[in-house]
Amino acid sequence: MNLKTILRRLKSARDYIDTSKYTQTETPTEKSAGSPIEGKELEDGSVQPEKVLVSWDGEDDPENPKNWTPLRKWKAIFAMSSFVFMSPLSSTIVAPALPAIASDLNITQPAVEQMVLSIFLLGFACGPLVASPLSEIYGRVRVVQTWNFLYIVFNAACGGARTKEAIIILRFVAGLCGSATLGIGGGTLSDLFRARDRGKAVAIYSWSPILAPLVGAIMGSFISQNTTWKWTFYASSLLSVVIQLSGLIFLEETYPPLLLRRKKARQAKGTGANNLYTEYDYLDQGRVKVLLTNLFRPFKLLATQPIIQVLALYNAYLYGNIYILYADFIDLWTDVYRESIEIAGLNYISIAIGSAVAAECCTLINDRIYRTLSKRNGGQGAPEFRIPIMLPATLFLSAGMFWYGWTAEKRMHWIMPNIGASIFVAGALSCTISVNAYVIDTYGQYSASGLAAVSTIRCLAGFTFPMFAPYM
């Protein structure tokens with residue numbers, strides 16, 4: 001099966017997407033025409049003024065997030081990526097401290113010990129299904145800031161846990177609250193960039209969830225070696241406070257429906273007109289019904305869209321293996337190579353290097369492929385043009401996984417398992433970037449819900465896979 005056949009089948013599958021299944025179907029009568037509605041004569045002889053549509057002032061309207069200056073866009077992207085970075089960091093910062101946690105809290109079963117690490121990801125699986133639809137009503141910033149504040153509170157509370165039951169419950173709630181950015185970040189990219197300009201932004205966004213667990217593991221190694229395990233939680237909460245404060249300065253609202261409603265409110269206040277409307281006014285009317293529609297959208301996508309189902313299962317397998325690697329990585333260096341925890345944590349740098357190289361190369365190659373295929377398609381882009389790079393990337397991650405396992409089993413020089421792990425994670429990151437870009441291009445305004453649906457299955461795998469790693 002050649003590349004053209006694969007792309008043609010993907011396009012055929014996407015053509016079956018019926019957006020009416022997951023989008024808001026009830027819209028006000030005013031928005032159907034997309035232009036002012038004629039005045040209506042009332043019984044008393046007066047004429048009701050025409051409804052005036054408030055929208056963007058042309059394709060180049062500077063208020064439209066897609067037309068913001070590059071500096072303004074990248075400020076918003078880096079601010080959102082900081083929030084995206086924080087939660088996965090917290091998922092692994094406790095990994096080097098697990099033996100100390102197990103000793104203090106009387107945890108004797110290896111699976112329960114691993115659950116302290118992976119239960120955080122179960123919260124990741126549930127949170128985006130609620131947070132992403134909420135962001136499609138109340139905007140990106142409000143949901144991210146609120147949920148991150150709750151994450152700070154519950155993550156810090158983990159440091160004060162006195163029983164294994166308490167720390168598992170608190171870890172789950174912290175993961176739930178910290179997961180808001182997993183889908184919302186992708187929605188922000190859709191808000192800010194057109195498809196042809198989105199490659200680099202998607203790469204940076206996709207790099208954060210991969211790099212963060214590595215930084216978390218390195219931090220956790222030094223913290224657990226020099227102080228108590230409680231400071232793995234306190235340190236991550238303090239770092240998140242810094243990001244929360246920086247977000248107040250740099251993170252701007254990017255969700256177009258909310259920005260247009262704010263524009264309407266400003267014009268109504270300035271002119272005193274009461275006949276203004278936007279095509280998104282239905283979000284302010286019957287919010288409970290709209291909220292229920294948005295909350296069920298990720299489930300509908302997951303249940304009815306073959307594209308989402310296939311990509312979710314594929315990403316779940318990758319994510320599960322990545323977290324097996326994270327859970328077992330320290331043990332390899334301490335038990336087999338007899339390194340101290342501090343030195344063992346430095347081996348994560350090799351994975352970070354592989355991630356950085358993959359993010360840069362994937363961005364350049366993916367954008368070039370997209371432009372080339374778009375020219376061949378008469379200048380029209382398509383989501384399928386994000387997929388070709390996944391073919392060689394899958395070969396890389398398979399080779400890297402085999403390389404890592406073989407060299408670790410044979411106890412070869414310490415650089416050899418590092419090279420294998422680096423190649424594996426580089427391939428996995430390239431596939432993740434392609435999947436994120438494909439979902440964003442396909443579902444547009446509802447990309448946050450699409451990414452939430454994909455991340456749910458992915459995080460369930462990240463939760464379950466590490467628990468059986470100690471028995472392998």
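**Salt bridges and helix packing**

Arginine 386 and aspartate 441 are both buried in this predicted model. Their side chains form a salt bridge, with an N to O distance of 2.8 Å. The pair joins distant parts of the chain, since arginine 386 sits in the loop between helix 15 (348–376) and helix 16 (390–409) while aspartate 441 belongs to helix 17, 55 residues apart.

Glycine 444, with a positive phi near 50°, follows helix 17. In helix 18, 18 of the 22 residues are buried.

The structure contains 6 salt bridges. One of them pairs aspartate 191 with arginine 140 (2.9 Å, N to O). Aspartate 191 lies in helix 8 (residues 181–192) and arginine 140 in helix 6 (residues 140–158), so this contact ties together parts 51 residues apart in sequence. Both aspartate 191 and arginine 140 are buried. By contrast, arginine 72, which meets glutamate 252 in a salt bridge (2.9 Å, N to O), counts as partly exposed at 32% relative accessibility, and glutamate 252 is partly exposed at 26%. Elsewhere, Asp57, Asp61 and Lys263 are linked in a salt-bridge network.

Helix 2 (residues 70–92) packs against helix 4 (residues 110–126) at an angle of about 150°, with axes 7 Å apart, which makes the two roughly antiparallel. Their contact comprises 5 nonpolar, 4 polar and no charged residues, including Pro88 from helix 2 and Phe120 from helix 4.

Terms used:
Residues numbered from 1 in each chain as written. Predicted model: local features only at pLDDT ≥ 70, side-chain atom pairs only at ≥ 80, totals over all residues. Heavy atoms only, no water. Buried < 20%, exposed > 50% of the residue type's maximum accessible area, 1.4 Å probe, protein only. Helix = DSSP H or I, 4+ residues; strand = E, 2+ residues; numbered from the N terminus. Axes fitted to C-alpha atoms, helices over the stretch in contact; angles between N-to-C directions. Parallel < 35°, antiparallel > 145°, perpendicular 65-115°, else oblique. Contact = heavy atoms within 4.5 Å. Nonpolar A, V, L, I, M, F, W, Y, C, P; charged D, E, K, R; others polar. Salt bridge = Lys/Arg side-chain N within 4 Å of Asp/Glu carboxyl O.
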